Amino acid sequence: MGSKYTHVFSPIKIRGIDFKNRITLAPPSPNLASANGQVTPEFVDWFRMFARGGVSTLYVGNCSIDITECKDEAYQLDLSSDDGILAMTRYADMCKQYGCHASFEINHNGENTAFETVGHAPFSASPRISDNERKRAAENGREPMPCIEMTKEKIAETVNKYAMAAQRMKRAGMDIVLVHGGHGNLISQFTSPLYNKRSDEYGGSTKNRARFAIEVCDAIREKCGEDFVIEFRISADEIAEEGMHFDETLELIGYLKDHIDILHVSAGLHSDFNMRYFRNWCQNYMMDRCFNVHYARDVKKAYPDLLVNTVGSITSIDYAEEIIANGWADFVAMCRPLMADPDMPRKYAENRPEDRRPCLRCDSCTKHLMVPKPIFCAVNPISGMTSELKDGLVPLARVKKKVAVIGGGPAGITAMQALCERGHDVTLYEKTGDVGGNVVGAAVAPFKIDCKDYLAWLRRQPAKYAKEYGAKILLNTEATPEAIEKEGYDAIIVAVGAHPLIPKSIPGMTLPHVHWAPDAEADYSLVGNKIAIIGAGAVGLEAALEFKAEGKEVVVIEMASKMETIFNLHKSAGTSASEFFRYIDDEKDPLPTKFGHKLLEVKEDRIICECDGEVVEIEADTVLTGMGMIPNAAEAEAFRHCTAETSIHVVGDCFKAGTICDAVNQAFRAAIHI
């Protein structure tokens, strides 16, 4: 019996090529190519998890058509030479093992290439100086350089580079290409009025600005033949004021549609304007799901015969089924949700959607890209060990051991899972009546929809692993060193978490109207009407947004400067940092935030702060803290001698207060070596 997801799992044939379902991997850049831009064994291993999981097409992001001229990642694929074809065949052949199509997103990033990377000013449609270039120039102590406007001869050469890149893909065994025509890369630097100021046949009207894109697609068709599928990625709306907007994009699509097979509909710009429009193509956890689907829907209305792929926070196959069933798109592209659970298509095909491991949209993966470091996931620890753990399987232990896991947060649950899958006898201790640890508080805010899903998934795991593996789950049971030692465990994983920082050295912090912010979010009876929130980290700002939306008078107090806060938020909250500052800096209704204010004292009806040597009083009938977490280190240390010391592992927040990504990956790596 098949699944109920009949639209997602319906095959389709394009140019005589069969696609087994409508799910595609939106193109990630895993930082696993070699230094000279070739496919590596580690690269193939990493993509294998998606092919094995059941998608129809795998795309690799931002593959350069000539890395000597267009490069904006430390380890991206270079498709400029036949030398890379042999390595490409290994990727293509791996995908074929699973009935999956291998593909690349081919790209020239135009003005986004730095002079320092290639030794010359970047090429583009027009000699513009971008915000990125001004920033790079300042960092490197030089004057900003305008782009080199491409001559007609250079345009023809570049068109051929796109076509040759696609031809090399076909020679390697691929039968579909994704041409990157969006997000402010070179092709969109020709199609968009934001970048293109030319007065020749490649500039001016929308039709003229479409010329370069059409020439690229036609050249690919000529080189690759009729039995090769061309998918074209586009920004339906660049959002930037002077950029391409949707009405004009519809006109552009009219010129393009007969030269392509599938239109991949995204939005926004990659990095220009200081990343302001990055959110429109890579949404953070505070934004709506299925964020850009309405663009695909409206494209289908305008061009019903055009095959359309949609992308943007489509976090589950439930959404994908709805989208395709409603005729809003023909394909659905996912990236981060598939990184969180590459087996999601298989789980849904087997009618067990409850087993999907939800994506947090935390962008831990994206942060790794910038290091550079191979990207991996906060909630899927196998994604960081795909070469060590072949086929995504945790290896069975050679010796079955009796193992205790102390703590039921994300680290403890992850450890329990891995230990059970290794064949150990596992007992999980959780002192409260619920698992989830600090994720329980983190999921309280109404807009934390991804965190809520993840918490629900965490809560399902103890019963699942008790049933399938015989794990013993002891809720409302506080582990003590004496009890643990008495049980005679062979190994122990300690994951007892952290507690909120509420510095009692500050006068008044023990008053009854002072609370940890998530506690107040869970119980509105704890707050009055004038709320002072101490700390402009994610915890404090999330609470501030929630209570402000409830009509409370809110002010956020932060000791650091605004620039320091931005830096710290980017470290802890990733791309969501910019979302918080959208609210803080909103011209019409800003989130009141006082930077450079040090809390001196809490009184019953106000707080006393210091700013630039001046004493400042702020009225408040409620004080909420979001000042960070303190590891439960002493509690963890108490278990250090409860069995052989080399068989005790302290992981997660009790080791060092950090993120879910830190906790999950530390716990998993400890568990697979027991």
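Student: In what sense do S22 and strand S23 pair, and over how many bridges?
Tutor: S22 and strand S23 (residues 606–611) pair in the antiparallel sense over 4 bridges, where pairing requires that DSSP find at least two bridges between the strands. In S23, glutamate 610 is the bridge partner of lysine 598. Strands here are DSSP runs (E, at least two residues) and helices are likewise runs (H or I, at least four), numbered from the N terminus. The model is predicted, so local features need pLDDT of at least 70 and side-chain atom pairs count only at pLDDT 80 or more, whereas totals for chains, interfaces and linings use all residues. Residues are numbered from 1 along each chain as its sequence is written, and side-chain values use heavy atoms, with hydrogens and water left out.

Student: Why are strand S22 and strand S24 said to stand at the edges?
Tutor: The open sheet has 3 strands in the order S22-S23-S24; strand S22 (598–602) and strand S24 (614–619) each have a single partner strand, so one side of each is left without a neighbour in the sheet.

Student: Which strands close into a barrel, and in what order?
Tutor: The barrel consists of 8 strands in the order S3-S4-S5-S8-S9-S10-S11-S12, with parallel pairing. Within this order, strand S4 (residues 57–64) and S5 pair over 6 bridges, while strand S5 (residues 101–107) and strand S8 (residues 176–180) pair over 2 bridges.

Student: What makes S5 mostly covered?
Tutor: Buried means under 20% relative accessible area, with exposed over 50% and partly exposed in between (1.4 Å probe, protein chains only), and 7 of the 7 residues of S5 are buried. His101, Ser103, Glu105 and Asn107 point one way from S5, and Ala102, Phe104 and Ile106 the other way.

Student: Why are H5 and H8 called oblique to each other?
Tutor: Helix H5 (residues 152–171) and H8 pack at an angle of about 40 degrees, with their axes 8 Å apart; axes are lines fitted to C-alpha atoms, for helices over the stretch in contact, and angles run from 0 to 180 degrees between N-to-C directions. Angles under 35 degrees count as roughly parallel, over 145 as roughly antiparallel, 65 to 115 as roughly perpendicular and the rest as oblique, and H5 and H8 are therefore oblique.
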